[in-house]
Amino acid sequence: MGEILKFKKKSPKEKHKGKTLCRSGFHKWRVLTEKKFDVKQGKLVTVLECQRCGKREHKLI
Ligand SMILES: [Zn+2]
């Protein structure tokens, strides 16, 4: 149990820093999938994921 918690948790400092930036709208985006076809929108989109908070965003091309 202890090992798993230790592995999952980031250092408090790092966590706080990330939250502050994410709350301000400065997410650390990375490309999850390039040019994925979004059926709902009927368009090709690039899926971005924030490396800190895990938020995902679809960016239209
Ligand atoms: Zn974020």
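Gly42 takes a positive phi near 70 degrees in the hairpin of S1 and S2, which has 4 residues between the strands. This is a predicted model, in which local features need pLDDT of at least 70, side-chain atom pairs count only at pLDDT 80 or more, and totals for chains, interfaces and linings use all residues. Residues are numbered from 1 along each chain as its sequence is written, and side-chain values use heavy atoms, with hydrogens and water left out.

Strands here are DSSP runs of E with at least two residues, and helices are runs of H or I with at least four; both are numbered from the N terminus. Two strands pair if DSSP finds at least two bridges between them. S1 and S2 (residues 43–50) meet this with 7 bridges, in the antiparallel sense. Phe37 has Leu44 in S2 as its bridge partner. Asp38 stands opposite Lys43, also in S2.

## The sheet

What is the strand order of the open sheet? The order is S1-S2-S3, with antiparallel pairing. Strand S1 (29–38) and strand S3 (56–60) are the edges, each pairing on one side only. From one strand to the next, the twist averages 30 degrees. For such angles, axes are lines fitted to C-alpha atoms, for helices over the stretch in contact, and values run from 0 to 180 degrees between N-to-C directions.

S2 is mostly covered, with 6 of its 8 residues buried. Buried means under 20% relative accessible area, exposed means over 50%, and partly exposed lies in between (1.4 Å probe, protein chains only).

S2 and S3 pair over 5 bridges in the antiparallel sense. Leu48 has Glu57 in S3 as its bridge partner. The hairpin of S2 and S3 has 5 residues between the strands. In its turn, Gly54 has a positive phi of about 85 degrees.

## The zinc site

Which residues coordinate the zinc ion? They are Cys22 (SG), His27 (ND1), Cys50 (SG) and Cys53 (SG), at 2.0 to 2.4 Å. Donors are N, O and S atoms within 2.8 Å of the metal (3.2 Å for Na, K and Ca); water is not among the atoms, so sites may look incomplete. The donor residues are spaced C-x4-H-x22-C-x2-C in sequence.

The site is tetrahedral, with angles of 104 to 116 degrees among its 4 donor atoms. Four donors count as tetrahedral if all angles lie between 85 and 135 degrees. The ideal angle for four tetrahedral donors is 109.5 degrees.

## Around the donors

His27 is found in the loop between helix H2 (12–23) and S1. Not counting residues up to four places away in sequence, His27 touches Cys22, Cys50, Arg52, Cys53 and Lys55. Contact means heavy atoms within 4.5 Å.

Cys50 is buried at 2% relative accessibility. Cys22 is buried at 11%, and His27 is buried at 18%. Cys53 is partly exposed at 44%. The count of disulfides is 0, where a disulfide is a pair of cysteine sulfur atoms within 2.5 Å.

How values were computed: Four donors count as tetrahedral if all angles lie between 85 and 135 degrees; four count as square planar and six as octahedral if opposite donors are over 155 degrees apart and all others between 65 and 115; anything else is irregular.
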